[in-house]
Amino acid sequence: MADLTEGDRAPDFTLPLDDGSTFQLSAQRGKPVVLYFYPEDDSGGCVDENKEFSERAAAFAELGARLVGISPDTIESHMKFRKKYGLALPLAADPEHQAIEAFGLWKLKKLYGREFMGLIRTSFIIDAEGRVARIIRATRILGHAQKMLEALEAHVAGAARK
């Protein structure tokens, strides 16, 4: 899929969560959703990112948002990862890249001169009507969760003024 832009309708998807339930984006209408896509469980940057989102999970909930982490890992991997680091938020498994590709995040990457397909670390705020309100690429992992929380606070404040 082509890259999404702010204002686009968010592609619907249903993925299993590591707590045994499922997450369907369209079923979340009426409240904002924060989706953060990350490449891999238990790797350095992904550990830091997930810990930061987990530390702020209550603040996202206080703003009325559903917070979900998504990676191409399996449910089993997510369960081990979440337990190992005591993460306080659900992780969705997308090994077939259903949501990852729908959001335009499976792309050609380059690392040390080697090219390969991989996930582009990106987070989205989906508004209560199911539209993409914000897209923020995680150019720096540390601080990204805080940046998303601040973007959500601004979004919620703006929606309240409407």
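The model is a predicted one, in which local features need pLDDT of at least 70 and side-chain atom pairs count only at pLDDT 80 or more, while totals for chains, interfaces and linings use all residues. Residues are numbered from 1 along each chain as its sequence is written, and side-chain values use heavy atoms, with hydrogens and water left out.

An α-helix has 3.6 residues a turn, so residues three or four places apart point the same way. After helix 3 comes Gly86, whose phi is positive, near 60°.

Strand 3 can be described from both of its sides. It is mostly covered, since five of its five residues are buried. Val33, Leu35 and Phe37 point one way from strand 3, whereas Val34 and Tyr36 point the other way, and all of them are buried. Two strands are said to pair if DSSP finds at least two bridges between them, and strand 3 pairs with strand 4 in the parallel sense over five bridges, with Val33 standing opposite Arg66 in strand 4. Strand 3 is also joined to strand 8 by five bridges, and these two strands run antiparallel; the bridge partner of Tyr36 in strand 8 is Ser123.

The aromatic residues come next. A pair of aromatic rings is described by the distance of the centres and the angle of the planes. Rings of Phe, Tyr and Trp (its six-membered ring) pair if their centres lie within 6.5 Å, and planes under 30 degrees apart count as stacked, over 60 as edge-to-face and the rest as tilted. A search of the whole structure finds ten aromatic pairs. One of them is formed by Tyr36 and Phe53, which are stacked at 3.9 Å centre to centre with 10° between the planes. This pair links distant parts of the chain, as Tyr36 lies in strand 3 (residues 33–37) and Phe53 in helix 1 (residues 44–55), 17 residues apart. Tyr36 is buried at 0% relative accessibility, and Phe53 is likewise buried, with a relative accessible area of 0%. The rings of Phe37 and Phe103 have their centres 5.4 Å apart and their planes at 40°, so this pair is tilted. Phe37 in strand 3 and Phe103, in the loop between helix 4 (98–102) and strand 6 (106–111), are 66 residues apart. Phe37 is buried at 0% relative accessibility, and Phe103 is buried at 1%. One aromatic cluster is formed by Tyr36, Tyr38, Phe53, Phe60, Phe81 and Tyr85.

Charged side chains complete the tour. A salt bridge is a side-chain nitrogen of Lys or Arg within 4 Å of a carboxyl oxygen of Asp or Glu, and by this rule the count comes to seven. Lys107 forms one with Asp3, their closest N and O atoms being 2.6 Å apart. Because Lys107 lies in strand 6 and Asp3 in the segment before strand 1 (14–16), this pair ties together parts that are 104 residues apart in sequence. Lys107 is partly exposed at 27% relative accessible area, and Asp3 is partly exposed at 42%. Glu49 and Arg121 also meet in a salt bridge, at 2.5 Å from N to O. Glu49 lies in helix 1 and Arg121 in the loop between strand 7 (114–119) and strand 8 (122–126), so the pair ties together parts that are 72 residues apart in sequence. Glu49 is buried at 1% relative accessible area, and Arg121 counts as buried at 15%.

Terms used. Helix = DSSP H or I, 4+ residues; strand = E, 2+ residues; numbered from the N terminus. Buried < 20%, exposed > 50% of the residue type's maximum accessible area, 1.4 Å probe, protein only.
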